[in-house]
Amino acid sequence: MTTISENAASQQVAGNRAEEQEEKTNLRVIKIRPAGNAKMFRTLTKAIAAGATTLIVTTRVDVAGCGYVWFGIRKGYTELDGKLLLNAQIWNYLLAFLMGKELPEVTEFEPDREICCQSEWLAEVAAEVEKLTPITSEEYNESEEGIGYLAKKYHFPNGKVVMPAEAMEDITDLLN
């Protein structure tokens, strides 16, 4: 039974990758000008109310130690991209949307300032999303400078969480 579900998950990830490649070629990306966190969140919720179906969030920590996400919210072949500072209510809203659950109300837009250690917080996020979805993939990308990056993606019914890529000196680092 486990093998069957793992095979189904692998096929779903492969199908998602094929869809992503097709979407990337036709995707119209609109960058949202930085604004206050409440305004950015309202823009996100308006897009969801207008029928956006896919959310991609990439977790980050800013220099002040505040957790945030770069988000892309898609409807068809249009994607709105922006930055959203996190607090517990906003994070729970994003996870609920990703999982296709009822969206909780968000009344607080100020970011949590308690996040102090980037690596610890990102490890906590990874552990949390690993509990919520068994479907993951890794993607290796190489920059123009020849440095490779390995990003881990956690796939959900309505999108994915992308963890920050780790720099790798060369392809053999994948074997470690």
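The side chains of Arg74 and Glu79 form a salt bridge in this predicted model, with N and O atoms 2.4 Å apart; the term denotes a side-chain nitrogen of Lys or Arg within 4 Å of a carboxyl oxygen of Asp or Glu. Arg74 is buried, at a relative accessible area of 11%, and Glu79 is also buried, at 7%. Buried here means under 20% relative accessible area, exposed over 50%, and partly exposed in between (1.4 Å probe, protein chains only). By the salt-bridge rule, the count comes to four.

A further salt bridge joins Asp81 to Lys31, where the closest N and O atoms lie 3.5 Å apart. This pair links distant parts of the chain, 50 residues apart: Asp81 belongs to strand 4 (residues 78-85) and Lys31 to strand 1 (residues 28-31). Helices (H or I, at least four residues) and strands (E, at least two) are DSSP runs, numbered from the N terminus. Asp81 is buried, with 14% relative accessibility, whereas Lys31 is exposed, with 64%.

Lys152 and Glu130 also meet through their side chains in a salt bridge, at an N to O distance of 4.0 Å. The pair connects distant parts of the chain, with Lys152 in strand 6 (residues 148-156) and Glu130 in helix 4 (residues 118-132), 22 residues apart. Lys152 is partly exposed, at 27% relative accessibility, and Glu130 is likewise partly exposed, at 43%.

Residues are numbered from 1 along each chain as its sequence is written, and side-chain values use heavy atoms, with hydrogens and water left out. As the model is predicted, local features need pLDDT of at least 70 and side-chain atom pairs count only at pLDDT 80 or more, while totals for chains, interfaces and linings use all residues.
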